[in-house]
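Take a look, then follow the notes below.

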Amino acid sequence: MDLPFVVSAPGKVIIFGEHAAVYNKPAIAAALSLRTYLLVTPNEDSELIRLEFPDIHFNKSWRKDHFPWDQKPNYNGKPSLSQELEPELVDALSLFLADITSPFHYSSAYTFLYLYISLVSKTVPGATFSVRSTLPIGAGLGSSASISVCLATAFALLDGHISKPTIGRDERTLSESADCQFIEAWSFQGEKCLHGNPSGIDNAVATHGGAVMFQRKEGSMPSVRTSMRNFPSLRLLLTNTKTARRTATLVANVSTLVTEFAKTSEFILNAIDSLTREAYILMTKPVLDAEARRRLRELIRINHGLLISLGVSHPSLEKIRMTADLLALGETKLTGAGGGGCAITLLKESVEESKVLELVEELENEGFETFETTLGGKGVGATFNPTLDPSEFIKMDRIQIEHNVWSSDWKFW
Ligand SMILES: Nc1ncnc2c1ncn2[C@@H]1O[C@H](COP(=O)(O)OP(=O)(O)OP(=O)(O)O)[C@@H](O)[C@H]1O
Ligand SMILES: C[C@@](O)(CCO)CC(=O)[O-]
Ligand SMILES: [Mg+2]
C-alpha cells in the first residue's frame, strides 16, 4: 500500500438503549458528522513505528523488532479472529507497555499494538500514525470506536486484507461489502481493548455510518444490525459537560449493580428494551407526526430516568437536564456511557430558534459546550496521496480539519 493515506470514521450518538445494549437489549444509534482521522506516513527508518496522539497528549515510538511477534495469533495468510482477545498477546502486551502509567495512554497504546500485531505482518515497513479527532474524547460520542475503526482499517490496508475503497461520497450501495464486515469485526476487538465488555454498537455505527437499531446476541450468534434508512430528522441539541469519565469504568459499575440487584436490574433493562422497541416503531413510521414526536420525547425522559437508576448519570448531566426542563424546550437524556460526557436534548418542533439560543447561552454560562452536528453521517472512508504534512495535521483545529482534510476526495467501503 502506497503511503501516505488518511482513513476516517464517525462518532455516534446513542438515542435509546445504552448500557442495556451490553445485556443484549436493542439500542438505536446514529453516526455523527464529527469524526476521527488517522494519517499514515512513511518513516525514513522503516523499522520504526511512531504514534502521535495529540488529542490525549501522547506520543510514542517503538522499534518493530521489539514487538512480541511470537504471540501473534495463528496466521495462515489471514489474521485469525477469535471470540475473546487472545490471552497470550494480552499478557505479552501488558509487560511490553508496563512503563505507561496513564490509563488513557495505556488503553490507546494497547489497542494500537493489539490490532497492529494481529493484522500487520512483521515485514511491512514501519510508519507514523497520527490521529486527530473532531469529537470530544471520552465524552459519550464513540471516540473509542471511531479510533478503533481507523486503526483496524489502516492496518488491514497496510497488509492487503481489504481492497482500496471505491464508493464515492454521494453513491449508495444496497449490499454490504466483505471489507466493511472485516473492519467491523476487527474494530470490535479494538473496542474490547478499550472498554472491556462492549456491545459492538459503537464500532458498528463507526464502520457503516447512517443510523441503526443494533442488538448483540448471546455467545457466537452474530449481532443483529438493522439499518434505519428513513431516519427522521430530529431537532437535537448535543451538550458536553466536559466531565471526564471512562466507559470501561461505567460499564463495570453497571455490571456490579446488575449482579447485586439482579431482579430489580432485570426490570430496568427490560423497561429500556421496551422503550427502545417503541421508539424504533415510531421512528420508522413513514411520517413522524406531532403525537409520535411527543411520545419520542417522553421515551427520552423515561430512558434517562432508568439510566439514573443504573447509577450512570452525574450531577453535571442533571444540571443540563434541569436547565432544559426549566425552559420547557424538550426532553434530555445522557448519551453513551454517562458519568459525565454528553447529553442530548430532543427539542420540541414548535420551539423558536431564539429560545434554543437562550438555552445554549445558559448551558455555555454553566461551562458546558454545545454542538451542532448532523446525524446519519458516512461510515469509514479513506483518501489517498493527501498533501498533508503530519506536523501541520496534528496542530489543526476542528474547522481546519473539516475544511482541509474532509473536503478532499474520499472513498468509502
Ligand atoms: N483521538 C484519540 N486519540 C487517542 N486516543 C483516543 C482518541 N479517541 C479515543 N481515544 C481512546 O479512547 C478512550 C475514550 O474511550 P471511551 O470509550 O471511554 O469514551 P468514548 O468512546 O468517547 O465514549 P462512549 O464509549 O461513551 O461513546 C480514550 O481514553 C483513549 O484511550
Ligand atoms: C455504555 C454502552 O452501551 C455505550 C457506550 O457508547 C457500552 C456499549 O454498548 O458498548
Ligand atoms: Mg467508547
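**Around the ligand, and beyond**

Helix H3 contributes the most to the shell around ligand 1, giving four residues. Please keep in mind that this is a predicted model.

**The shell around ligand 1**

- There are 27 residues around ligand 1, and those that come nearest are Ser-143, Ser-144, Thr-247, Gly-336 and Ala-337.
- Two or more residues of the shell come from each of these elements: helix H2 (103–119), strand S5 (127–133), helix H3 (143–158) and helix H4 (178–195).
- Sorted by class, the shell holds 13 polar, eleven nonpolar and three charged residues.
- Both domain 1 (5–229 + 375–412) and domain 2 (236–371) supply at least three residues to the shell around ligand 1.

**A look at Pro-386**

- Pro-386 sits in the loop that runs between strand S12 (381–384) and helix H11 (390–393).
- Is Pro-386 buried or partly exposed? Pro-386 counts as partly exposed because it has 18 C-beta neighbours inside 10 Å, while a buried residue would need 20 or more.
- Leaving aside residues up to four places away in sequence, Pro-386 touches Pro-4, Val-6 and Ser-408.
- Between the C-alpha atoms of Pro-386 and Arg-63 there are 26 Å, and the two residues are 323 residues apart along the chain.

- An unreviewed UniProt entry lists residues 122–210 as "domain: GHMP kinase N-terminal".
- In the model, residues 122–210 are 47% helix and 8% strand, and the end C-alpha atoms of this span lie 36 Å apart.

Conventions: Residues are numbered from 1 along each chain as its sequence is written. Chains are lettered from A and ligands numbered from 1 in the order in which they are written. This is a predicted model: local features need pLDDT of at least 70, side-chain atom pairs count only at pLDDT 80 or more; totals for chains, interfaces and linings use all residues. A residue is near a molecule or strand if its C-beta atom, placed from the backbone, lies within 6 Å of it. Ala, Val, Leu, Ile, Met, Phe, Trp, Tyr, Cys and Pro count as nonpolar, Asp, Glu, Lys and Arg as charged, and the others, Gly among them, as polar. Domain bounds come from an automatic or database domain assignment. A residue is buried if 20 or more other C-beta atoms lie within 10 Å of its own, exposed if 12 or fewer, and partly exposed in between; C-beta atoms are placed from the backbone. Two residues are in contact if their C-beta atoms, placed from the backbone, lie within 7 Å. UniProt positions are given in the numbering used here, feature names are shortened, and annotations may be inferred rather than shown by experiment.
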